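Here is a short briefing for a first look. Keep the sequence and the 3D view open while you read.

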Amino acid sequence: MEKLMADLKAQIIEQLNLQEVKPEDIGDDQPLFKDGLGLDSIDALELIVLLQQHYRIRMANPEDGPKIFHSVRTMAEFITANQPA
Amino acid sequence: MNSINAYTIIRPYKVIRNGEVLTNESAAPMQDFLRRLYDQFAGQYQKFHKMDHLSKLGWLATELLLQDMPMTGYAAEDTALVFANRSASLDTDEKYYQTVSDIASPALFVYTLPNIVTGEISIRHKFKGENAFFVADAFDIPMMTAYAQQLLDTNAARACICGWIEQYHEDFEAVVFLVEKETRGVALPFSAEQVEKLYQS
């Protein structure tokens, strides 16, 4: 899980072009949207693309987005539970 | 008489504000040049890095324009934005098209219109006034000045940021003016002749 969360932080920074953010700036449980990392709705779409490109996971229900993309930890938990064998 | 109270010119690889040369570099990739301008004159605006090159260019030109010209005396609806260019958003359109064969990029898609630059400037400065973005082969200065004059003379706006923001691949040019009903700053008369003179400088 720790390795997956570290990978996710680097991928989020690259995919979302967060050029002034370092992986260590993102807390495992820090909210990614609003007052946390400040991501917006376009970033949410990019996170969906990230899941498809890096982990071959398609989100079945977009309404689950806020729960899945709450933090790096919730993303990692979702990937672990849904990664194709 | 409406007045040009500030102006900014960004060209490869020189920046002029109100007649003063702020930066004059030898050739450099545009992306690096814009990043250096951001680091030197702006900073602390994370969304800058997500913008396409056209928006970065227009955003930086406006940022420099307003650095010493606070707009606090205006209501959000008082400031109009009127720009033009030749290549619309073609640079980003091409990049977006390249992604379509795989997974289309949402982040690129949102910049596939040239007037997005007016949106980025509006978000940064909380402007809610009139805005327009024209596409033409060349900077039509008589049309641009007439349009801005009309906005000010009919009280549709009290200030107007207008000019030419062009970018395609490594070619770029931004020439923007702050025009107001009241004089301050460099206080040059706002006319097609004056804009032409500054554009050719």
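Thr8(B) sits in strand E1 of chain B, residues 3–11; helices (H or I, at least four residues) and strands (E, at least two) are DSSP runs, numbered from the N terminus. This is a predicted model: local features need pLDDT of at least 70, side-chain atom pairs count only at pLDDT 80 or more, and totals for chains, interfaces and linings use all residues. Residues are numbered from 1 along each chain as its sequence is written, chains are lettered from A and ligands numbered from 1 in the order in which they are written, and side-chain values use heavy atoms, with hydrogens and water left out.

**Around Thr8(B)**
- Thr8(B) is buried, at 0% relative accessible area (buried means under 20%, exposed over 50%, partly exposed in between; 1.4 Å probe, protein chains only).
- A polar atom of the Thr8(B) side chain lies 3.4 Å from the backbone nitrogen of Leu65(B).
- Leaving aside neighbours within four places in sequence, Thr8(B) is in contact (heavy atoms within 4.5 Å) with residues including Ile16(B), Arg17(B), Leu65(B) and Val175(B).

**Around Gln194(B)**
- Helix H7 of chain B, residues 192–199, holds Gln194(B).
- Gln194(B) is buried, with a relative accessible area of 13%.
- Not counting residues up to four places away in sequence, Gln194(B) touches Ile4(B), Leu188(B) and Pro189(B).
- Thr145(B) is 49 residues from Gln194(B) in sequence, and their C-alpha atoms are 9.9 Å apart.

**Cysteines**
- Over all chains, the structure holds zero disulfides (a disulfide is a pair of cysteine sulfur atoms within 2.5 Å).
- Cys160(B) is in no disulfide; its nearest cysteine sulfur belongs to Cys162(B), 4.5 Å away.
- Cys160(B) is buried, at 0% relative accessible area.
- Cys162(B) also counts as buried, at 1% relative accessibility.

**Where chain A meets chain B**
- 15 residues of chain A are in contact with 14 residues of chain B.
- The buried area is about 1,100 Å², and carbon and sulfur atoms give 49% of it (the accessible area, 1.4 Å probe, that two parts lose on being put together, summed over both).
- The rule finds one salt bridge across this interface (a side-chain nitrogen of Lys or Arg within 4 Å of a carboxyl oxygen of Asp or Glu).
- Lys50(B) forms a salt bridge with Asp43(A), with the closest N and O atoms 2.8 Å apart.

Technical notes:
Polar contact = N/O pair within 3.5 Å; in protein donor to acceptor, adjacent residues only side chain to side chain.
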